[in-house]
Every structure is written in structure tokens, then in C-alpha cells.
Amino acid sequence: KVLMLSGVLGGIALSAAAVIAHVLPASSLTFPLAGVLFVLVIAYQGVRLGRATHVVDMANEDTRATYTALSNTIIGVLLLVAGGFGAIATYFGTIAVLGIFAVMCFLAAIAARGLDEVQMD
């Protein structure tokens, strides 16, 4: 549930950032986007905590290290791929990237919904 809620919170915050950046002039973006960043950091920490807790709780002692290593490797590869968003920002603008990130957060929340609730076991 933490992963789902964090994904939705991140998607809402990124959607708000895209709307704010589109509507407000650049000179008045500082304080509204600071608030959005605050919410995004909370969502990010929720994702980190939820992912780590889920991996630890679903694995037994024999598979925990493997699952953790695999999870961290996948995140690392995704971060490397995310460097390509710089190219998207160059061609389509930062608002498009914020929108893509928002959609990714909502899709991640849907994917998290399919995870087993291993904390109940």
C-alpha cells in the first residue's frame, strides 16, 4: 500500500509541477515548485521504504541478498536509462518530461497494486 500511495502522490505532485510550470511565469515559480519538491521528496522516501520493506519481507534468508542485489541493479539500470530524458527535454521541453514522469508514477502505482501483501504473512 505504501508503494501505491507513494506512486499516486508522486504522480499528483509531478502533474501539479507540470501545470504550475505551464501556467505561471518563470519569475514566480520558486515557491510553488518548492512546495511540489517537498511533496515529491516525501513520495520518493515512501517508494524507497516500501520497496525495501517489500523485498525484505517477501524473501527468506536464503534469497534476501539475491532479491536486494537484483532490485538495486534494476533501479541502477533504470537511472542510467533515465538520462535519456535529457534528450526529451531538449526537444519537447521540461513540461513534457514532468508529464512523462507523472504518467510513470501512476503506472507504477497500478503495478504496485498487483504485488502480494507480504507484510500480512
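Student: What pattern does the protein follow, read along the sequence?
Tutor: The pattern is α-α-α-α-α. Keep in mind that this is a predicted model.

Student: How many helices and strands is that?
Tutor: The secondary structure comes to five helices and zero strands.

Student: And what box do the C-alpha atoms fill?
Tutor: Roughly 55 × 30 × 20 Å, taken along the principal axes.

Student: How much of the protein counts as buried?
Tutor: Of its 121 residues, 21% count as buried.

Student: What share of the contacts with a separation of 6 or more comes from residues 24 or more positions apart?
Tutor: Such residues account for 68% of those contacts.

Student: Let's switch to helix 4 and helix 5. At what angle do they pack?
Tutor: Helix 4, residues 85-92, and helix 5, residues 94-113, pack at about 135°. Their axes are 7 Å apart.

Student: What do you call that arrangement of helix 4 and helix 5?
Tutor: The two helices are oblique to each other. Angles over 145 degrees would count as roughly antiparallel, and 65 to 115 as roughly perpendicular, so the angle between these helices falls in the oblique class.

Student: Which residues make the contact?
Tutor: Helix 4 contributes Phe 85, Ile 88, Ala 89 and Phe 92. From helix 5 come Thr 94, Ala 96, Val 97, Ile 100, Phe 101 and Met 104.

Student: Which lining residues are closest to its centre?
Tutor: Val 47, Arg 51, Ile 75, Leu 78 and Ala 108, out of 34 residues that line the largest pocket.

Student: Which elements give two or more residues to that lining?
Tutor: Helix 1 (2-23), helix 2 (30-58), helix 3 (64-82) and helix 5 do. Helix 2 gives the most, with 11 residues.

Student: What classes are in the lining of the largest pocket?
Tutor: There are 27 nonpolar, five polar and two charged residues.

Student: Last one, Lys 1. Where is it found?
Tutor: Lys 1 is in the segment before helix 1.

Student: Is Lys 1 buried or exposed?
Tutor: Exposed, because its relative accessible area is 61%, and the cut-off for exposed is over 50%.

Student: How far apart are Lys 1 and Val 56?
Tutor: They are 55 residues apart in sequence and 15 Å apart in space, C-alpha to C-alpha.

Definitions and conventions:
Residues numbered from 1 in each chain as written. Predicted model: local features only at pLDDT ≥ 70, side-chain atom pairs only at ≥ 80, totals over all residues. Heavy atoms only, no water. Axes fitted to C-alpha atoms, helices over the stretch in contact; angles between N-to-C directions. Helix = DSSP H or I, 4+ residues; strand = E, 2+ residues; numbered from the N terminus. Parallel < 35°, antiparallel > 145°, perpendicular 65-115°, else oblique. Contact = heavy atoms within 4.5 Å. 1 Å grid on protein atoms, 1.4 Å probe; cavity = no way out; pocket = protein on both sides within 12 Å on 5 of 7 lines; lining within 4 Å. Nonpolar A, V, L, I, M, F, W, Y, C, P; charged D, E, K, R; others polar. Buried < 20%, exposed > 50% of the residue type's maximum accessible area, 1.4 Å probe, protein only.
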